[in-house]
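Me: I would like to learn how to read a structural model feature by feature, beginning with the aromatic rings and going on to sheets, helices and confidence. Could you take me through the one shown here?

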Amino acid sequence: MFSIFLFASYLLLTQCQSIQPAAIPLAVRSPYFQSYLSHTSTTSGINTWPSFWTTNHTLGWSGLLRVDGTLYEWLGAAVEDGGLTIANNATAKAVTLQNYQITPTRSILSLQAGAMDINVTFLSPIEPADLALQSFPFTYIYFEASSTDGNSHSLQVYEDISGGMLEIFFAAMVKFTLSFAEWTSSSTTNIVQWNTTTSNSITYHQAQRSPFQFMTETNDMAEDGTVYHVTNSGSGVTFQTGEDLVVRSRFLNNGSLANSQDTTFREISDNWPVFAFCKDFGTISSTSAPLVWGIGLVRNGNIIYTTTAGNQTRHPYFLTKYADVATAMANFMSDATNALERSKTLDSKIVSDANAISSNYVDLVSLASRQLMASLEVTVGTDSSGKLNASDILFFMKDTGNSQRTNPVEAMYASFPGILYLNASWAGYLLEPLMQLEQSGLYSQSFAAGDLGNSFPVATGNANPTVFSAMESISDMISMMWAYATFSGDGTLISQYYSTLKTWTDTLISENPLTPNGYITADGLSSANMTNLAIKGILAIRTMAEISKTLGNSDDYNSYSSQASSLVSQWQNIAGSSGHLSSTYGSSSSWAMIYNLYPDKLFGFDFVDDSIYQEQTSWYASEASSALSFGLPFDSNEANTAKSHWTLFTAGTVTDTSTRNSLVSMVHSSAANLKNFAPFPTTYNTSDGTIQGGTASPAQGAMFALLALNLQKQTITSLGSASGKSLVGAIVGGVVGGVAVVALIAIAGFLYRRRRSRRGIREYHSDEKPRGAFAMIFKSKKQRKSLHEPLDEYHIEPVSLGQTYAPNQHTDYSRTSLYPLVHAETVPSTQSPSTEGDTIPYGITYPPIPNPSTNQSRAPLRLRTDNGGDDNAPRSEAAPLPRKTTLTADTRTGSKPTSGPSEAGSSDITSDLRGELENLRREMEEMRSRTGYEPPPQYH
């Protein structure tokens, strides 16, 4: 019966999924908890050690099995490494890998060991409906077995991880052991300490580096994590910690473990300590239910977030629901059956939706799902009493595969289709940290920053972003803000941060996105008059028009819409003059994947003429017919470089399914390339698939670009007035016309008398600068107080770890952990800016400044500093708060300042009313600033 079930499950999977990637995802749950198994040959087995996503750090996960006394190895290379002491000179054989399948949440290994078929499922949950479960950084391992001959057989199975190695040993009895050391530190010379706890429900090992290194990352690995290995307590379950050779040999010889602990803490590589579990099934024909293990890596706190009030230590969201890790683990294990069913339901939905496009597309979204979610830390802050505040939710993304940047805007932009598809409300939690920074006193530029700093997990903010990427970052942020509102139905962020979005848009307009000269793209291109960058900026203005319309700001809507329409008309004439969209204007031999057209399709603007899309689709189809093995380059100026994320964005803009599927197939060829052991990279060579960057990157959320086009737009709510903006347009629009004119005159009269009686108050603002269009573009942004209170002290009570333990001791872990007491002041309050500005994505160097004397070239936005020069000039040491800076812009010959949103056509009464309402808004804003109060955003 069980064999029939296995076959049915296998048949269902193989109908839609066929890819066998070189890197099999095993445990993929957070930026620092990722394990992959190399499989670079269709004929190779799985007797190799798993690795961290970087592929150069072994995570020691080994599995052994006993069937009727015959010894097998199903994971890792413990047997190949030698040194085991096995009675009667017996040897362990490698199991036969019959097949493996990749779903969005699971990797399923189908194995054979003698007369037993084995299924091992590695489940890294994606929980769109439960943020507490989503934030719990644990992976399930399910073990199932069934005889191939219908007879009963003796079965024991074992799994262990050792300081970076997780080893699972199966034997007609089952032994499961983990060696934690390599999971807890990047260096095997560091000391590790551990403990084992048993209870009636679960038994678990835990280990961490000693001494503890708070908020420290080395070689992309955390030095402040505690790794856990857990299983259900019960009949036939034994455990042991100790030297790898001793513990593994014990299992192979006896089919059980000693229920004992090694209490000599030592270096990871000193007699490699392992942390093992074993399960003796006895003599069976099949397992009645899966045997379940869990592995997790917990960091608490997991982010330091800098605000104007100081450093804020943020914690994993799951702690708002569970008192401690032990309680969460108990729930995790008891929920294993339901978690697997939820996983199957989600997998089925994603696979079904994707299969409507193609089977190749199913494979791409299946590989991308866990990779995207593993880049995120789901955090909460604390209230004034130090208690976790469950309503203060923020997401932080690591730029995995590229850098140590936090919330990298260009990677977020690429990943957004996946986030919108899985749960659009999550997009708001990811955007909020950037918006809080850029409307606070820590930030003074009138363009969007490209990240929150380059020291993840310490998000210090980026107070001195490079101006060269300003057009990219502004456009990305506006697009993502509107995407969040459109597909979640929550207008909170666009309402609360409208003034910031407006400032960015006016800056964008002042720089004339039609000719984006002197700017750099996220891909490192810096040519003059880049077609792709130009349409990105133009579409951002069109998007801002939609935001303004939604919020009732009709004057802004009319102005932005008019300007965007004018710009796109010119863009179509210039960029498409050669029958296809060139990479740069006037270069008919150049071309590019114009992936920045994707927002036009996603939002349903139909802003760019259909003829452009049709011509471009024909061009892609023509180029694809002679493409190299791994597809088309993203730009003809980089003929050897393909980018999977932008290829999928481009696939979302073509007008026929044949060309779309051709683009999908190109990315699939790279994903299925067995030559390179690396988790699903974004950037690779077009001819041989050599990886150029983006390994394990969250930007692969772009694989959902085609599914996101089918998402239903929501009715946007929560549009109430918020700090930093005024809904004057909505108010005026509601009173203009009909009988409302009478009411308007009455109100105007009242406000006029009020104004005369309060002239003294108005004099408080007598030093304000004119608020015309030109002043608005070049003004310095007003300093604001932080939305958060400081966390005065980071405190986690330590667990006492002596040198001796009772084998079955039970420790109460309520509000405790292995973490030592760490004070907030040990973390830098700010990140001092370097003389080179912030980190450019992908190690890009700054482009040269174009010659402003030519008609088609001018310098980009410049930062005016205390030196009086540009932002490349030497800077003095930064003060605790960044200096206020203003923007200047070189203007081309004959150009005029771009007008801001027009208020022409309003009556004198309407203008007076608008001015009075603006005055009231400013006064309320200053009152709020003095009290330091700002209501937190609410997400629904």
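Me: How many aromatic pairs does the count come to here?

Reply: A pair of aromatic rings is described by the distance of the centres and the angle of the planes. This is a predicted model, and in it the count comes to 28 aromatic pairs. One of them joins F395 and W426, whose ring centres are 6.1 Å apart and whose planes stand at 50°, so this pair is tilted. F395 belongs to strand β25 (residues 388-397) and W426 to helix α10 (residues 425-438), so the pair ties together parts that are 31 residues apart in sequence.

Me: Are F395 and W426 buried or exposed?

Reply: F395 is buried, and W426 is buried as well. F395 also forms an aromatic pair with Y429, again a tilted one, with 5.4 Å from centre to centre and 40° between the planes. Because F395 lies in strand β25 and Y429 in helix α10, this pair ties together parts that are 34 residues apart in sequence. Y429, like F395, is buried.

Me: Which residues form one aromatic cluster?

Reply: One aromatic cluster is formed by F136, F138, Y140, Y142, Y204, Y228, F318 and F332.

Me: Let us turn to the sheets. What is the order of the strands in the open sheet of nine strands?

Reply: For a sheet, one reads the order of the strands and then the sense of their pairing. The order in this open sheet is β6-β7-β8-β9-β21-β17-β14-β13-β19, and the pairing is antiparallel. At the edges stand β6 (96-102) and β19 (266-267), each with a single partner strand, so one side of each is left without a neighbour in the sheet. Strand β13 (residues 191-198) pairs with β19 in the antiparallel sense over two bridges, and I191 stands opposite E267 in β19.

Me: Which strands does helix α7 lie across?

Reply: Helix α7 (residues 336-355) lies across β7 (106-113), β8 (116-123), β9 (138-147) and β21 (291-298), and it runs at about 95° to β9.

Me: What is the pairing in the open sheet of five strands?

Reply: That sheet has mixed pairing, and its strand order is β25-β24-β23-β22-β26. Its edge strands are β25 and β26 (458-459), each of which pairs on one side only. Within the sheet, strand β23 (residues 310-316) and strand β24 (residues 376-382) pair in the antiparallel sense over two bridges, with V380 in β24 as the bridge partner of H315. Strand β22 (residues 303-307) holds Y305, which is buried with a relative accessible area of 3%. Y305 and L452 are 147 residues apart in sequence, while their C-alpha atoms are 9.0 Å apart in space.

Me: How many residues lie between β1 and β2 in their hairpin?

Reply: There are two residues between β1 and β2 in the hairpin that they form. The two strands run antiparallel and are joined by six bridges, with β2 covering residues 33-38, and the bridge partner of A27 in β2 is S35. Strand β1 (residues 23-30) is mostly covered, in that eight of its eight residues are buried.

Me: What share of the residues of the whole protein chain count as buried?

Reply: Of the 940 residues of the protein chain, 61% count as buried. The chain has 25 helices and 33 strands. Among its contacts with a separation of 6 or more, 72% are between residues 24 or more positions apart.

Me: What pLDDT does the protein chain average?

Reply: The chain averages a pLDDT of 79, and 72% of its residues score at least 70. Over residues 1-10, however, the pLDDT is below 50, and this stretch has 13 contacts in the model beyond near neighbours in sequence. For residues 926-940 the pLDDT likewise stays under 50, and the model has 27 contacts beyond four places in sequence for them.

Key. Residues are numbered from 1 along each chain as its sequence is written. This is a predicted model: local features need pLDDT of at least 70, side-chain atom pairs count only at pLDDT 80 or more; totals for chains, interfaces and linings use all residues. Side-chain values use heavy atoms; hydrogens and water are left out. Rings of Phe, Tyr and Trp (its six-membered ring) pair if their centres lie within 6.5 Å; planes under 30 degrees apart count as stacked, over 60 as edge-to-face and the rest as tilted. Helices (H or I, at least four residues) and strands (E, at least two) are DSSP runs, numbered from the N terminus. Buried means under 20% relative accessible area, exposed over 50%, partly exposed in between (1.4 Å probe, protein chains only). Two strands pair if DSSP finds at least two bridges between them. Contact means heavy atoms within 4.5 Å. Axes are lines fitted to C-alpha atoms, for helices over the stretch in contact, and angles run from 0 to 180 degrees between N-to-C directions. pLDDT is the predictor's confidence in each residue, from 0 to 100.
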